Every structure is written in C-alpha cells, then in structure tokens.
Amino acid sequence: METKNIVLVGVGGQGTILAAKLLTTGLMEAGYDVKMSEIHGMSQRGGSVSSLVRYGDDVQSPVIEIGSADIVVAFEKMEGLRSLEYLKPTGKMIVNDTEIFPLSVIIGVTTYPDNILDEINSKVNLRVMSASKMAEELGNPKVMNVILLGSIIKSMGLTDIDWEAIIADNVKAQFKDLNIKALQAGMNAV
Amino acid sequence: MKLLLTGNEAIARGAWEAGVKFATAYPGTPSTEILENVATYKEIVSEWAPNEKVALEAAAGASIGGVRSLCAMKHVGVNVATDPLFTFAYLGVNAGSVLVTADEPGMHSSQNEQDNRNYARHAKVCMFEPSDSQEAKDMLKEAYAVSEAYDMPVLFRMTTRVCHSKSIVDCSDRVEVMDKPYEKDIRKYCPLPAFARGMQVKLADNFKRLEDYSNNSPFNYIEDNGADIGIIGSGVAYRYAKEVFGKTVSYLKIGFSYPLPMEKIAAFAKGKKTLYIFEENDPIMETEIKAAGIDCIGKEKLPAMGELTPDRVRKALLNEEAQIIEPNPEMVLPRPPALCAGCPHRGVFYELGRRKDLMIFSDIGCYSLGLMPPYNATDAMICMGASISAGHGVQKAFDIKGDHSKKVVSILGDSTFFHSGITSLMDVTYNKSNTLTIILDNRITGMTGHQQNPGTGYDLMGEAAPMIDIEAMVKACGVKNLISIDPNNLTIVEEAIEWGLNIEGPAVIITRWPCVLKKFSAQDNKEFPTAFKMVATVDVEKCIGCKKCLKSGCPALAFDRANKKSGILKETCVGCGVCAQICPKQAINVEVR
C-alpha cells in the first residue's frame, strides 16, 4: 500500500503527543510499518506543536512533505490554518472549534481573526468538531485529544484495530473508561 | 519483542542491551531524553553532570576504571567537551566508551547548525550515523564492540529527526559484559609528551585497521537496483533519498561514516553515470570522495544548510514542487513560545525591559525569551555561561571608551550558572569588573524539560543529593554585594536592580522561585507553600482598559476588545500577582484559588 500521512497540530499542552502515541501504537500492532516525527524543545512554552504520523508497508522518511497529508487534524483553529499547506489537494482537514490566543493577541498587538473556519472551508474539505465542548460534556476537558483521535480513526478507516485495548495499555486505569467513551464519541462525530 | 521507540529511547535500550553500566550527560535538545531513558534501567548508574566536559571526563574515567560507559550531549555541548575528547582519543579505552552527539540540522532548538562529523576527523575518533531507531540501537551495540576492538572512544552522530522520530525497533535482552580489570599503565593513561607520541602512532595504526572494518562493516552496504544513478547517503538523509527515488536508483548506505569505506565507495561508483552525495550540513563525504578522484554531485545542487527533507530534494534534483494549498497569509498569526503563566522570570524581564540604560547579556534557557516583546530586554547571547563573561567584556569595552550611557547586566539560570557561569563570575571579580549579574534560580533545569541539577537536592536516579548553595558559591567567587529576592514582587525587583547598578564593582542578585511546571519536591512544598495556589481576577468596575497589565506578557491575560477591559483566564492563571502590581487602578485581585 501507499504510505499514508496524518498530521496532528495544536498548541503545547493540548495533548497532541499522547494522541499520536496511541495512534502509532495501534498502527504498529495492526502490522503496519510506522514512523512518527515530532519537534520538541520549547513547545511547553505555549508554542505551536505538531506530530507527523506515517504508516504503510515500508516507511522511509519520518517527516511529511507539504502537499502530501491525507488528513490534518488541528486541535486549535489557527494551527489548522497554519497547517493547510501540509494537505494534498484531495485531503481532509478536521478542526477543533477552539481558539487559543497567541501572545500578540494577548498583548493587544493583533486580533484573532473570526473567519478562520470560513477561510479553511473555502479551500479544502473541512470538518469542524466541537471536541473541547464534547470533552467537557464527558466530564474532563483533557480528553479532547482522544475525541479527535477517534475522528482520525474513523476518517482513515482504521476502526478494525482494537483501540480499546491500546487505550487500556496506555492510560491510567482510572481514566480508561472515560477515554474509551471519548474515542467512541469522536468516531461517532464524523 | 517489537517496540515503537524514538531514537533517543533506542539509544537507551541499546546501552542497556550492550551491558553499559555507567552513563552521564548534561541535558540539551535534542539529546535530553537519552539519559532520562537510560536512568529507567536499574543496571546502569546514571548521572546528570554539571556540564558536558565533566560528563565526558566521567565517562572516560568509567571506561578506564573498567565498565562500559555512555555520554550524551547536544551538538554544541561537544564544544564544551572537546578538551577531554581529543586526548581521550589518544589514551584509548579500557572498557568501551561511546559519546553521542545530537546534531541539529534545521536548528529547531539551537543557536547554530554545526556539523559534528567534523569532530570525528578533528579529534581522530571513529563515527557511526544511524538513520532510524532500529539502527540507533543496533549501531550503539556495535559501537561498543568497535570501541574495545580498536581501543578508542566512538563518536555517535544522531540528528534531531533521528532523536525525536519514532519507528519500530526489534529489541533483545541485555548481554552482561565482563568488567575489565583496572591495571596501572602510565604509558596508556598519562599523555606526557614522551608517551603521547607513542599514543599518536597507536591511534594511526588503529585507524588503518578501521579502514578495513569500514569497507566490510554490515552498516555500510550497497542496495543495487541496477540503475546508473547512484546515491551515497548517511543518516536520515539516506531515508529522504529513498523516499524520493525509491528503487529507481542504487544506494550505498553509509552507517559507519568515519573512516569512510573508500574501497566500497570506489566499487559502487564504477559504471555510475551520476553519483549524488546525500548528507545533512557540511560537504564532508563529498569532499573526501572527490579527493579520492571520484566524480560526484553534492552541495552544488543539494542544500548545505537546514534539513535535506524530501520536498527540498525534489525541488533541488527533480525541479518538482508539490501543489500546495496556502492560507491567506494575513490571517496567520505566528505563535512563538512565551514565558508561561506564573513563570518566575516574568517580573525580572518586565522591570529590565522598562529601563533604557542597560546592555543585557543573556544566556541559554527559557529566559532567552526576554528578547521578545513585550519585554524587548535582551541585547545579546552567545552560549552557555557567556552572559557573565561576555558581559564582562562588553563592560570593559564601555569603560575603555569612557561610555557610561549603559551598564551591563548579565542574566542566566541556576543550571547554566552551575554549567559554566561560575568560572565566568570569577573572571568578573578577579578582573575587578563592574557588572550586575542576575541568577534566575527556578530550582530546576527548565527549558529542556525539568532535569535535576546540583542545586535542586535530587539526582537523575531520583535520590536525594547534596544541594549546592548558589549564594555560598557566589560569595566564594569573591562577590561582596549579593542579595536574594522574590522575583514576583516588582517593587523588590526594581529596587534590587537599582541597588545593583549603583554599586561600584560586581554585584549579584539571585531570584529564587520555582518553575511553574516543576514537580514540587518536599523541600519546595516547605519553602514555597503558597506558590501557584492563587488566582487573579479583574474587577471590571475598576478596570479602565489601559492595557498596562498586558505589558507583563502573560498568556493568562486576555483583552476584551469589545468592552475594552482586561480579563484573566482562570484555568491558566496561577496567581503570581505580577499583573496585579502593574495595574495602576488596583483592578486585579489575587486570592487563594
């Protein structure tokens, strides 16, 4: 099979790394060759973060080229806009309907645009998710990342993998049921 | 057993499998997680060293003492460790020893893009270059065998993409290696000139033997696809080549990259119409291959700076560019890193940024962000520890010129002070300088992700350790004017800076407040009982919308443009109170969360 490319983008602290970890673990256990690339460093200091996930029969490069992603999942709207160039023309973007202001907005130098979703929608196949709101409804805003993971799994046709087992192996026992619920909610939402 | 590991995790796994018993490092992106993962294996004594020179010396000592040792650092860290490296190469090893250098093509988190393959040539040590996690583990194990068979420390070049990418690794068990007996041998371990000359000859002989090893190494192999175009590639650049060209070209994969397998290269080059050299950063293989009279194409077509990612390769060699969807550029706002809400550096940079009579020499750490708006405080930085010594030089220049319009303030963190600030501070006192040094003690090594250091009271293994007293250290360096302050109290910070600037001679301010992201120790809980347990709120009746609080640059603040009032994100704010002190109308209240 041709190598598939998934891009997860967000802001430091949003849980992109855990979502990518669960995703890659599941892909490996399903028998795919998998590579994932992340840039660490100062990401905890509120900067943009991205995880690039590739899977297939024989994956060479750990990075995803611009214009080649099958799907980009943005945990925050501005990060979705910034990552448009990763998508191939037939690709799909999922954006979590959440705004996190960069410092320039906070200090009043710039304004956070209110038409980001329109801009994305005018250029690519967009699916907006209210994952942050859904997570709050499930009782824990942190599971927003696993809800978005569910949307990736469904969109990429990966539902045959035993994701509940992957979650059970990788999250603390007391959060297992919550995360499984979150995953299902994400899968059902796309 | 198959595991999905980062390159750094694979190095740790390889060290464990190879029977390594001692490992040491100074943290630095992208190498930090190597030692953090090594420390999870109880068979390996693991340490954070105060700096890279100390780390490599300890690893060399452990090798001489008879156990396999590992040392890891970022590329610029090797600069600090070169003094022991060059002579360790002369001594050779007793038990095997490997130095991992984590280079940064693309400079994702570094101040330069130096190519440490040059050090293999310069220091005369052999080198491995893995291209993914499996190779990182396998080559590391082989590196110990090579180190012992050829009596030299091995330099092991990782790059950011190999360190921080995950791929599948087939793991095996640890092989317990016999410890080597230590025997006194001054001809081997004392490089006096008379003995060092012999060591040089031994080293040259070992390199001669290594040429055979390189030509026959399983890590230097040909993938013959019957093509008349050939690619010689090392590290992740080889993976990028395969991504772009697949089976349409033939490859010579270089995993053991110094000394190069020149016979294998010559054989591979034979009959090739075109030969490309894929290597990130400097044209090192290219230069050596051309010097051997083999025609090849390298940096005249491929980029010499930054990463050799597939898109750049396609553009350079195939003139292909992907069809991309671009957003309206005016809508995309940059999101640079910022000091966290509750960062203890905030108050200091707020006060420093307000003054125009300072030349601020900063250092390597989160406080590098002091140069960013809204502080715009910092003037310059060079490398670890340079804030104090380079600042001293600037002040001397100002003094020599008789220019008194600005005074130098040097600023660095606790871990950086231990790393190389102490010797710099001695320079300041010994040479009767007149600078103000601010040591931002946030009780942890912050930027690399919270590693213990000699001042925190804990070691890498998680055990309690003696806590080195920065105040006592500063006094021992001859500083007479020293105060320790709470950096969240702006009046105290302002007065302390004024005090320091008015002193004739060296002055030091130590700020002491923990990093907001730090996992508190028992000692921290005792010393900072209120830290991060507060929250600030805006009294909208009193707020006049003057935006002065925004000058704190805190990500917990949000200005409501419609109502022209400041707001505070409750879930982000930890109640440091800096914004409340800036507010001219006392419109921000801080209370227990």
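The largest nonpolar core in this predicted model has 108 residues. In soluble globular proteins, nonpolar side chains tend to be buried together. Let's look at who takes part, and then at a sheet in chain B.

**The largest core**
- The residues with the most contacts inside this core are B:Leu70, B:Phe128, B:Phe156 and B:Phe278.
- Helix α10 of chain B, covering residues 235-245, is the top contributor, giving seven residues.
- Where does the core lie? Domain 1 (2-216) and domain 2 (220-318) of chain B both supply residues to this core, so it sits between them.

**A look at B:Phe278**

**A second core**
- There is also a separate core of 42 residues, and among its members are A:Ala19, A:Leu23, A:Met129 and B:Leu4.

**The four-stranded sheet in chain B**
- Follow the strands in the order β9-β11-β10-β13 and you have traced an open sheet with mixed pairing.
- Which strands stand at the edges? They are β9 (220-223) and β13 (274-278); each has a single partner strand, so one side of each is left without a neighbour in the sheet.
- From one strand to the next, the twist averages 15°.
- The partner strand of β13(B) is β10 (residues 229-234), and the two run in the parallel sense over five bridges.

Definitions and conventions: Residues numbered from 1 in each chain as written. Chains lettered and ligands numbered in written order. Predicted model: local features only at pLDDT ≥ 70, side-chain atom pairs only at ≥ 80, totals over all residues. Heavy atoms only, no water. Core = buried A, V, L, I, M, F, W, Y, C linked by side-chain atoms within 4.5 Å. Buried < 20%, exposed > 50% of the residue type's maximum accessible area, 1.4 Å probe, protein only. Domains from an automatic or database assignment. Pairing = 2+ DSSP bridges. Axes fitted to C-alpha atoms, helices over the stretch in contact; angles between N-to-C directions.
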